[in-house]
Amino acid sequence: MGVRVINDKCKGCTKCVKSCPFDAITMVNRLAVIGNACTGCGVCVEVCPFDAIEKTEGLASKIDIKDYKGVWVFAEQREGQLMPVVIELLGEGKKLAAEVGTELCAVLCGDQVEDLVEELYTYGADKVYLADHPELKNYRTDAYTKVIYEAITEYKPEIILLGATHIGRDLGPCLAVRCGTGLTADCTKLEIDPEDKKIKQTRPAFGGNLMATIVCPNHRPQMSTVRPGVMEKAKYEPERKGECVKLTVEFKKNDIRTKIVEIVKKATEMASLTEAEVIVSGGRGLAKPEGFELLKQLAEKLGGTVASSRACVDSGWIDHSYQVGQTGTTVKPRIYVACGISGAIQHLAGMQSSDYIIAINKNENAPIFEVADYGIVGDLYQVIPAIMEELDNIADKN
Amino acid sequence: MKVLVCVKQVPDTNEVKIDPVKGTLIREGVPSILNPDDANALEAALALKDKDPSINISVITMGPPQASVMLRECLSMGADDAYLLSDRAFGGADTCATSTTLAAGIRKIGDVDIIFAGRQAIDGDTAQVGPQTAQRLDLPVVTYVQDVQVNGDTVTVQRQMEDGYEVIEVQTPCLLTAVKELNEPRYMSIYGIAQAYKKNITVWNHDDVNLSPEDCGLTASPTQVWRSFTPPTKGKGEMLKGSVKEMAAEVVAKLKEKHAI
């Protein structure tokens, strides 16, 4: 379909119905509805007295995919700081761009965020599309979707990567529909097909029980969201420079339909699990919420942080932001100590690429031992103090 | 006020097992359930109706005829009407095509004030269909909603962020996607179950919602599954032996040896 009815503007006058050469428009609940027979000829667009029908070039799938060039990374910023996942996306984007033989670009939205442009160059962006406007200070779906959609229409990237954050997972789907293209969520691996230079996107499905490789052959841009902590960070090159393209940003009344009344930060510090080198994680085997105190002691000795399986979050023992796994955070620390975690497949999906996995569990048949480098069958309330004592011993010796 | 809830019937992925020999999914015997986030979405609608019984709640799903079992469950929880978008032409849809079909169904129902959906379904975990449906209906959307207050035409929600939340105001009609922190879904009541069987489930195919088969399902899906496979698991390591003290000493020594600590 090449035309779209803007329901808010449609007054139900039926002029379009009469004008349509293909009898493709019907009235449903006093709104014009474009039906199957539409050829996208645009007669209705001209005839509508209320500008309620618009041409939707982007929704048509008959695009020439050769017109689309370049790999874009959504440079998500919050409070004027780039999110860590952006550096990872630039690292991955650089590889993809090199394989396709194209440039790596970042698209940055915010208010007075021009100094981030330089930072994006130093992490590998050849070009930065900058949308700087007071209305873009904080993420809002309508505002960011409009600005980036317009940039996509004008500059036609072939690949767009977004972080699978609460923002990227909101923006990505909206952009994909506006562009009439596909989006693959939460990718853990991206590859370029050496034959046709198209992207292959691999993601977990069925709660991590199955991996699926997804392609988007005939639509552009090819879009992926990527989980934070999965891709390698881009190399920092302080001398690197690039080109900045300033985007025109204009908002009309009602373009942005949500209002942020207040931003509330949690009193507890944000659990930065993706950054942690050492994670001591607890599961149902802790038996009580106080068990996390013991884990915290071990984590401190190892210079790490605590995390949790879903069971503890569901029991209300610890906040969701500490959850590792399919519906929590994906982590790959140097050391992952799983304490009293049985190892449901959803949990394993979120931590099995850790360098060294140590599992402590009373049940010798627990699936966690299948992925552990070192397995200890025993009571965590005995084993952890023993490990801490041993750590103190070697610290004393040094 | 008219409230619509988008729901999906999903296999309970917590019950999915892997065939240890073939390394494939064992799908037999896996129960089908109302997607957990969708139960929170429905509960949000029911909570509004608790306060204002004049509210009409419809549930809508796209799926095979068996999905009517789940719709019956939603009716038993307290929904008033149920719509099942079921057609061979809808099969093989990715999120993009699914949102086209759902949006067509919602347009046909018409005049909805608030649409609730779950943030994501546990079989795909994409979190895309909610916002995509909103885009197709040209409605404002707020995802990751953990609190909802309705005051006339103004809806005030808390949008969950990784490090807190935002308080967002939006006007009806709008679409909101629910996270599990939003509420505790109620159970079906005996009275509800009895009532549910007196209620009708409306089944629509592509013609009923004014879609041509090319606009639905696999043919309208920009993304395609190229291949799927069981993830390789990391090989099993070493089980340590001895007393607690010996095992603790050994694990520390090993990590030291590998320069991990």
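Visitor: Which residue of β14(B) does A:V215 stand opposite?

Guide: This is a predicted model, so every answer here is read from a prediction. Strand β14 (residues 210–215) of chain A and strand β14 (residues 224–229) of chain B run antiparallel, joined by five bridges. A:M211 has B:F229 as its bridge partner. A:V215 stands opposite B:Q224.

Visitor: In what order do the four strands of the open sheet with antiparallel pairing lie?

Guide: Work through the pairs. β12(A) is joined to β13(A) by four bridges. β13 (residues 199–205) of chain A pairs with β14(A) over five bridges, and β14(A) is joined to β14 of chain B. The order is β12(A)-β13(A)-β14(A)-β14(B).

Visitor: Which strands are the edge strands of that sheet?

Guide: An edge strand here pairs on one side only. The edge strands are β12 (189–192) of chain A and β14 of chain B.

Visitor: Which residue is the bridge partner of A:K189 in β13(A)?

Guide: β12(A) and β13(A) run antiparallel. Elsewhere, A:Q201 stands opposite A:I214 in β14(A). For A:K189, the bridge partner is A:T202.

Visitor: Which helix of chain A packs on this sheet, touching β12 and β13?

Guide: The helix covers residues 84–100. Its direction makes about 15 degrees with that of β12(A). The helix is α3 of chain A.

Visitor: Which strands stand at the edges of the open sheet of six strands?

Guide: The order is β19(A)-β18(A)-β20(A)-β21(A)-β22(A)-β15(B), with parallel pairing. Each edge strand has a single partner strand, so one side of it is left without a neighbour in the sheet. The edges are β19 (305–308) of chain A and β15 (238–239) of chain B.

Visitor: What is the bridge partner of A:Y374 in β15(B)?

Guide: Strand β22 (residues 374–377) of chain A and β15(B) run parallel. Two bridges join them. The partner of A:Y374 is B:E238.

Visitor: Why is α6(A) called oblique to α4(B)?

Guide: Helix α6 (residues 168–179) of chain A packs against helix α4 (residues 129–137) of chain B, with axes 8 Å apart. Their angle is about 40 degrees. That angle makes the pair oblique.

Visitor: Is the crossing of α6(A) and α4(B) left-handed or right-handed?

Guide: Residues that meet here include A:D170 and A:P173 in α6(A), and B:P131 and B:Q132 in α4(B). By class, the contact has five nonpolar, two polar and three charged residues. The crossing is right-handed.

Visitor: Which strand gives the largest share of the side of chain A that touches chain B?

Guide: The contact takes 76 residues from chain A and 73 residues from chain B. On the side of chain A, 37 are nonpolar, 22 polar and 17 charged. The largest share is eight residues, from residues 258–265: strand β17 of chain A.

Visitor: How far apart do the C-alpha centres of domain 1 and domain 3 of chain A lie?

Guide: The domain assignment gives domain 1 (3–55), domain 2 (65–246) and domain 3 (273–397). The centres of domain 1 and domain 3 lie 59 Å apart.

Methods:
Residues numbered from 1 in each chain as written. Chains lettered and ligands numbered in written order. Predicted model: local features only at pLDDT ≥ 70, side-chain atom pairs only at ≥ 80, totals over all residues. Axes fitted to C-alpha atoms, helices over the stretch in contact; angles between N-to-C directions. Parallel < 35°, antiparallel > 145°, perpendicular 65-115°, else oblique. Left-handed = near helix turned anticlockwise from the far one by under 90°. Contact = placed C-beta atoms within 7 Å. Nonpolar A, V, L, I, M, F, W, Y, C, P; charged D, E, K, R; others polar. Pairing = 2+ DSSP bridges. Domains from an automatic or database assignment.
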